[in-house]
Amino acid sequence: MPDFSPTEFAVPAFVLLILIEMIWARKKRPDAYEPRDTLTSLAFGLGSTVAGTLLGGFAVWVFFQAYDYRIFDFGEQWWTLWWAWPLAFVLDDLKYYWVHRAGHRIRWMWAAHVNHHSSQHYNLSTALRQTWTGTFTFGLLFALPLVLLGFHPILLAIVGGFNLIYQFWIHTEAIGKLPRWFEAVMNTPSHHRVHHATNPRYLDRNYAGVFIVWDKMFGTFEEERPEEENIRYGIVKQLGSFNLLWAVFHEWIGIAQDMWRAPWRHKMSYLLREPGWTHDGSRETSDMIRNSWLKRQAATIEPEEPANNPITNGRKAT
Amino acid sequence: MPTQSLIQLGVSLVAILALAWLAKKMGLGGDRRIRSEDEARKLADESVNGFEPVDIAIDRAGYGALLRDAQGRILVLRRHGALFAGRLITHRPRARLDQSLLTIEAEDRPFGAVTLDLGAEAQVWAASLRRMEVNNHA
């Protein structure tokens, strides 16, 4: 049985690539990095590995229990089936799309995933802002169908590791758009910048992990338009703080406060509805923000190309 | 936790501190300031979707700004690292006026207090903050 964690092997490469991107930033975009933001991002990454070690056992136990009830049996030497690996990779990426989409559309899930979006910067260190509290959501349920199909939990852990490694390099502003065939199929820095953007037109778009085709299939794809507007990163209500623990737990605290104050019939909605939803309309969801922006856009003239756009400077958008 | 994991943790901790130190040493982050009302207006719209200020007061060093829209909502902007973050002030905040310096505490404490050097305008803005409703839920 394979005993292999691809992410552990990738960590030195992550550090090296961050270093290279910092050198790029020094030459081209000093504001692409901010030391305190970088420290918070990296501490997030370290903390998430500790949280995974301490809390991940529950998910492992659930998966092995579910594996006993698998529909198909790939045999004792399941790792020797060559076709199972690419098939599991693709299906796991489809699963990732849906768990990620739920992570943005259900506040309970968002409370754990918001960590990844909490930086106003978008660089390779941002990729390491991984959740500490994923265990306290129902995210693992999305993987259960794959286990029940017969994919061994270890196989899924390995392909999931490769999925995570792929997603590291797309967290950068140093790469513009890639060849059209690649942009059409794969998730790229351009597509993922859109995902991290707080510009109304980009909110809740491009949930893909590796293959952008899922967004195109399920109607959540948005093309990056650097010639029209600069991207702003982070969350709708920026934290304005580098406090690591606040960044980790702020949404959980927000949910608890909202549920405490809300009338009984609305309490669960603060957990299960989309982020920004309120029973009295005092805040805005991403759909409300986009709609009001679209109304304002309809009333204005065509936008001009912004000056000093870091994404289009020196190259023409394709 | 086995010894090997603890060693890995220690090495990782040293690596992240080294990277953050290096980012500081390389002078990354920039020194962005609010230089004009247009810039303050743009930052306000970025902070609160559709916020259109009718009154703007910019900190004399450009580290922040106070803005009011036609509905009387007040937005405070302050520099956060290399970028800016803002908060809508919906109820009377804790505020201190010290000659031209106005210090405002946003409702969420982690955002912190914002001190703006607004010159002669500081008193006018302090008075308008005092006229806001008190938050009875705080």
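User: How many salt bridges count between chain A and chain B?

Analyst: The count is one salt bridge between chain A and chain B. A quick note on the basis: this is a predicted model, in which local features need pLDDT of at least 70, side-chain atom pairs count only at pLDDT 80 or more, and totals for chains, interfaces and linings use all residues. Residues are numbered from 1 along each chain as its sequence is written, chains are lettered from A and ligands numbered from 1 in the order written, and side-chain values use heavy atoms, without hydrogens and water.

User: What makes Asp45(B) and Arg296(A) a salt bridge?

Analyst: The term asks for a side-chain nitrogen of Lys or Arg within 4 Å of a carboxyl oxygen of Asp or Glu. The side chains of Arg296(A) and Asp45(B) meet at 4.0 Å, N to O. Therefore the pair counts as a salt bridge.

User: Which elements of chain A give two or more residues to the side that touches chain B?

Analyst: They are α1 (6-28), α2 (35-55) and α13 (286-298) of chain A. Helices here are DSSP runs (H or I, at least four residues), and strands are runs of E (at least two), numbered from the N terminus.

User: How many residues take part in the contact?

Analyst: Chain A gives 37 residues and chain B gives 32 residues. Contact means heavy atoms within 4.5 Å.

User: What area do chain A and chain B bury between them?

Analyst: About 3000 Å², with 69% of it on carbon and sulfur atoms. Buried area is the accessible area (1.4 Å probe) that two parts lose on being put together, summed over both. Met22(A), Pro35(A) and Leu46(A) supply 18% of the area that chain A buries against chain B, more than any other three residues.

User: Why does one side of β5 and of β7 in chain B lack a neighbour in the sheet?

Analyst: Three strands of chain B form an open sheet in the order β5-β6-β7, with antiparallel pairing. β5 (94-98) and β7 (113-117) of chain B stand at the edges, each with a single partner strand, so one side of each has no neighbour in the sheet.

User: How do you know that β6(B) and β7(B) pair?

Analyst: Two strands pair if DSSP finds at least two bridges between them. Five bridges join β6 (residues 101-105) of chain B to β7(B). Therefore β6(B) and β7(B) count as paired. Leu102(B) stands opposite Leu116(B) in β7(B).

User: What makes Arg107(A) and Glu251(A) a salt bridge?

Analyst: The closest N and O atoms of Arg107(A) and Glu251(A) are 2.7 Å apart. That meets the salt-bridge rule, so the label holds. Arg107(A) lies in helix α5 (residues 107-117) of chain A and Glu251(A) in helix α11 (residues 244-261) of chain A, 144 residues apart.
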